[in-house]
Amino acid sequence: MQTIVKNCAGIDVHKMMVMVAIRKETPEGNIQTLTREFGTFRKDRELMCQFLKQHQIDLVVMESTGVYWKSIYASIISCNLNPWVVNARHVKNVPGRKTDTLESQWLAHLAHCGLVRPSFVPHPDQEQLRLLTRRRDTLVKQMANEKNRLHKILDDSGIRLGGLISDINGKSGQRMVNALIDGESLQDIIKKADSRLKADRKQLMASMDEELSPSHRIVLTDIRDHIDFLSKQQDKLEKQILKSIEPWKEAWQILQTLPGVSEMSAATLIAEIGDDMSKFGGMKEIASWAGLCPGNNESAGKCKSGRTRKGNKMIKTILCEVANAAIKTKSQFKGKYQSLVIRRGHKRSLVAIAHKLIRVIYTLLKRRQPYIDPDTDYEGLMVRKNASRWLNKLVDYGYLAQAQQ
């Protein structure tokens, strides 16, 4: 096959070692191959970079193996070399020919012939923001698990408060649950319910008329303390995220003009995709990378399945959450959802809305323009909001009287 890259290297990455295979073209047109093993400690990575520089390597290709490739990638890029991280599915070797040496040589061979393409790798600053947003996501999930566990322990003890209150984690529910755990009387507990709570007070008292066992009280106290701890950790992380988002403030504010996008969801989107859309090539490519576009599985003229492919789990999750909020607003997403949900169901319709959102996000960030909903009459909204004030000012300055004459 025709040579595309003259001097290239393939790296088979593992936790404690990397296998580096170099493939060079000599002035006479011959192919020279050299393989060498290195450790993954910092001094070993420096030796590896010196080895690559010594052979004047133009392109370094490696698989995205867990998180082990990240330190290797950082060392290579700091030495002004050109590393590519490639999708493991695109560079699989022939079954039965798998050793560390053969894997690295196969990567070098593919790079030599120009048969690989780089995956999206975020900027180091963006990677730091990702660590914060993904940690926050973990805390949110842990808190949700603990709240569900609290609800289950209350049901286990015979307290049916969750059957009368839509959300026992709301203000009224939290105050009453805390009072139950602290052993207060029913008369004092019922006073902690908010006046806007619609549930009947007698039924509330009847649902909580149960004696908590010592074990139940210990477990409930432990869960409550853990929820408080997680809440404080989440607040601290969110403050740090808002400080770290400053370099992407313009894009962050643009994303918040979309229906359903909050400060934290906008920060998560920036951490996952950044603000430079040229790295993705187009809206179809970014939708495919996120795993939100329909898949293709056709053979003999028959379409077998159109289910979505695997993609970035974080971006897919956050966009489905945004879609769930957007369909409840007066926007094009609500109309799109209502037309789909009848025949496709709620979950598939949400994925379709998330697919539409990622394409809209790509366009907004590429054009650096805020979102304007095509189904919303912004001029009419502005007139209805300000008409009375404008008329009063026209009367005050005498323009309305002149117009009537």
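Where is Asn80 found? Asn80 sits in the loop between helix H2 (69–78) and strand E5 (83–86). Before going further, please note that this is a predicted model, in which local features need pLDDT of at least 70, side-chain atom pairs count only at pLDDT 80 or more, and totals for chains, interfaces and linings use all residues. Residues are numbered from 1 along each chain as its sequence is written, and side-chain values use heavy atoms, with hydrogens and water left out. Helices (H or I, at least four residues) and strands (E, at least two) are DSSP runs, numbered from the N terminus.

- Most residues other than glycine have a negative phi.
- Asn80 is not a glycine, yet its phi is positive, near 60°.
- Asn80 counts as exposed because its relative accessibility is 71% (buried means under 20% relative accessible area, exposed over 50%, partly exposed in between, with a 1.4 Å probe and protein chains only).
- Gln56 also has a positive phi, of about 55°, although it is not a glycine.
- Gln56 belongs to the loop between helix H1 (42–54) and strand E4 (59–63), and at 60% relative accessibility it counts as exposed.

**The nonpolar cores**

- In soluble globular proteins, nonpolar side chains tend to be buried together.
- A nonpolar core is a set of buried Ala, Val, Leu, Ile, Met, Phe, Trp, Tyr and Cys residues joined through side-chain atoms within 4.5 Å.
- The largest such core here has 74 residues, and Leu161, Met208, Leu258 and Leu319 have the most contacts inside it.
- H14 supplies the largest share of this core, 10 residues.
- A second, separate core has 21 residues, including Ile11, Val18, Leu52 and Ile72.
- Residues up to four places away in sequence aside, Met208 touches Ile159, Leu161, Met176, Leu180, Leu186, Ile189 and Ile190 (contact means heavy atoms within 4.5 Å).

**How helices pack**

- Two packed helices are described by the angle between their axes and the distance between the axes.
- Axes are lines fitted to C-alpha atoms, for helices over the stretch in contact, and angles run from 0 to 180 degrees between N-to-C directions.
- Helix H5 (residues 171–181) packs with helix H8 (residues 214–244) at about 135°, their axes 10 Å apart.
- H5 and H8 are therefore oblique to each other (angles under 35 degrees count as roughly parallel, over 145 as roughly antiparallel, 65 to 115 as roughly perpendicular and the rest as oblique).
- The H5 and H8 crossing is left-handed (the near helix is turned anticlockwise from the far one by less than a right angle; clockwise would be right-handed).
- On the H5 side, Asn178, Leu180 and Ile181 meet Arg217, Leu220, Thr221 and Arg224 of H8.
- The contact of H5 with H8 has 3 nonpolar, 2 polar and 2 charged residues (Ala, Val, Leu, Ile, Met, Phe, Trp, Tyr, Cys and Pro count as nonpolar, Asp, Glu, Lys and Arg as charged, and the others, Gly among them, as polar).
- Helix H11 (residues 283–290) and helix H14 (residues 346–367) have axes that come within 9 Å and cross at roughly 130°, so H11 and H14 are oblique to each other.
- H11 and H14 make a right-handed crossing, where Met283, Ile286 and Ala287 of H11 meet His355, Ile358, Arg359, Tyr362 and Thr363 of H14.
- By class, the contact of H11 with H14 has 5 nonpolar, 2 polar and 1 charged residues.

- Arg224 lies in helix H8 and is buried, with a relative accessible area of 18%.
- Beyond its neighbours within four places in sequence, Arg224 is in contact with Asn178, Ile181 and Asp182.
- Ile254 is in helix H9 (residues 249–255) and counts as buried at 7% relative accessibility.
- Setting aside neighbours within four places in sequence, Ile254 contacts Leu364, Arg368, Gln369 and Pro370.
- Leu255 is found in helix H9 and counts as buried at 0% relative accessibility.
- With neighbours within four places in sequence left out, Leu255 is in contact with Val261, Ala266, Leu269, Ile270, Ile361 and Leu365.
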